[in-house]
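Take a look at the model below. Then read on for a short tour of its parts.

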Amino acid sequence: MPRHAAVIVAAGTGERFGGSLPKQYRPLAGSSVLRRSVEAFRASGRFGDIVVVIRDEHRALYDATASDLGLPDPVIGGATRQDSVRAALEWLASHAPDGVLVHDAARPLVDQDTIARVLDALETAEAAIAAVPVVDTIKRAEGGIASGTVDRSGLWQAQTPQGFRFATLLAAHRAAAGESLTDDAAVAERQGIAVRIVEGHVDNFKITTEADLTRAERLLGGADIRT
Ligand code: CTP
Ligand code: MG
């Protein structure tokens, strides 16, 4: 059986969300955004290490929501998401898992089927990401005036989890240090690695603003109906 690790990145400051409590620590249906993300990976039962990446100054917030989960000490992240993922991969290097799934703490509604599809794809693919097809018409605009319509066929919205053979992702991240790439798939693509797309879920959206948190609360209906 291959051994898999999960990396949950939670070291952001949530600029777009705003407020004094960072979005990953906000309460959500009797739990917290971060705790729900972690628990989805624990519930899968298919991960050895589950590594959470936090900001140093959030340690008390982390302890308040996750210290009873029996996880290893959190890894301290960096200035960018890419730096935060790399820090976790370096921590994991001595454990040498076969595969790793990277997940945004800010996607607390990730479902078990999506996690399983990414994991299963890694049996035959070097990299696999959850994504959903773009359904809206996409416009290009300048100064508020539409200047063109992008053909949406073949366009996907990338989500997390994003899964990789561990050695592949570690090498790709080391090679891409200093560049500015927005997801791990982009880091892998940069090294010419084929990234397979598997079906994600529309409810696996990223909490970016208050409206997203409200939507998540509504979907959970106060009770956890998704796990
Ligand atoms: N993240 C991280 N380290 C960073 C930046 C982001 O671990 N230096 C994490 C966030 O905590 C989040 C995930 O990456 O779980 C996706 O990032 P995003 O939604 O952009 O979160 P923030 O960067 O915190 O938000 P914003 O961009 O609005 O500041
Ligand atoms: Mg960000």
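The report starts with the whole chain and ends with a few single residues.

## Ground rules

This is a predicted model: local features need pLDDT of at least 70, side-chain atom pairs count only at pLDDT 80 or more, and totals for chains, interfaces and linings use all residues. Residues are numbered from 1 along each chain as its sequence is written, while chains are lettered from A and ligands numbered from 1 in the order in which they are written.

## Overall build

The protein has seven helices and eleven strands. Both are DSSP runs, numbered from the N terminus: helices are H or I with at least four residues, and strands are E with at least two.

How far does the C-alpha trace span along its principal axes? The spans are about 50 × 40 × 35 Å. The radius of gyration is 17 Å, which agrees with the value near 17 Å for a compact globule of 227 residues. That radius is taken over C-alpha atoms, and the globule rule is 2.2 Å times the number of residues to the power 0.38.

Of the 227 residues, 40% count as buried. A residue is buried if 20 or more other C-beta atoms lie within 10 Å of its own, exposed if 12 or fewer, and partly exposed in between; C-beta atoms are placed from the backbone. Now take contacts between residues at least 6 apart in sequence: 71% of them join residues at least 24 apart. Two residues are in contact if their C-beta atoms, placed from the backbone, lie within 7 Å.

## The nonpolar core

In soluble globular proteins, nonpolar side chains tend to be buried together. Here, the largest nonpolar core holds 55 residues. Such a core is a set of buried Ala, Val, Leu, Ile, Met, Phe, Trp, Tyr and Cys residues joined through C-beta atoms within 7 Å. Which members touch the most others? They are V7, I8 and V53. Strand 1 gives the largest share of this core, six residues.

Look at V53 in detail. Leaving out residues up to four places away in sequence, V53 touches V7, I8, V9, A10 and A11, among others. Its partners also include P74, V75, S84 and A87.

## Helix 3

Helix 3 has twelve residues, and its end C-alpha atoms are 17 Å apart. The expected span is 1.5 Å times one less than the number of residues.

Is helix 3 mostly covered or mostly open? It is mostly covered, with nine of its twelve residues buried. Among the buried ones are R81, R86, L89 and L92. The buried residues pack against strand 1, strand 4, strand 5, strand 6, helix 5 and helix 6.

## Around ligand 1

In the model, 22 residues surround ligand 1. The closest are V9, A11, G12, E15 and R16. A residue counts as near if its C-beta atom, placed from the backbone, lies within 6 Å of the molecule. Strand 1 (4-10) and helix 3 (81-92) are the elements that give two or more residues to this shell.

By class, the shell has eight nonpolar, nine polar and five charged residues. Ala, Val, Leu, Ile, Met, Phe, Trp, Tyr, Cys and Pro count as nonpolar, Asp, Glu, Lys and Arg as charged, and the others, Gly among them, as polar.

Most residues other than glycine have a negative phi, and most peptide bonds are trans. A29 has a positive phi, near 45°. A29 lies in the loop between strand 2 and strand 3 and is partly exposed, with 19 other C-beta atoms within 10 Å. The phi of A96 is also positive, near 45°.

Which two residues does a cis peptide bond join? They are T160 and P161, with omega about 10°. P161 is found in strand 10.

## Exposed loops

T137 lies in the loop between strand 7 and strand 8. T137 counts as exposed, with 9 C-beta neighbours inside 10 Å. Apart from neighbours within four places in sequence, T137 is in contact with T149 and R152.

S153 lies in the loop between strand 9 and strand 10. S153 is exposed, with 7 other C-beta atoms within 10 Å. S153 and V134 are 19 residues apart in sequence and 7.9 Å apart in space, C-alpha to C-alpha.
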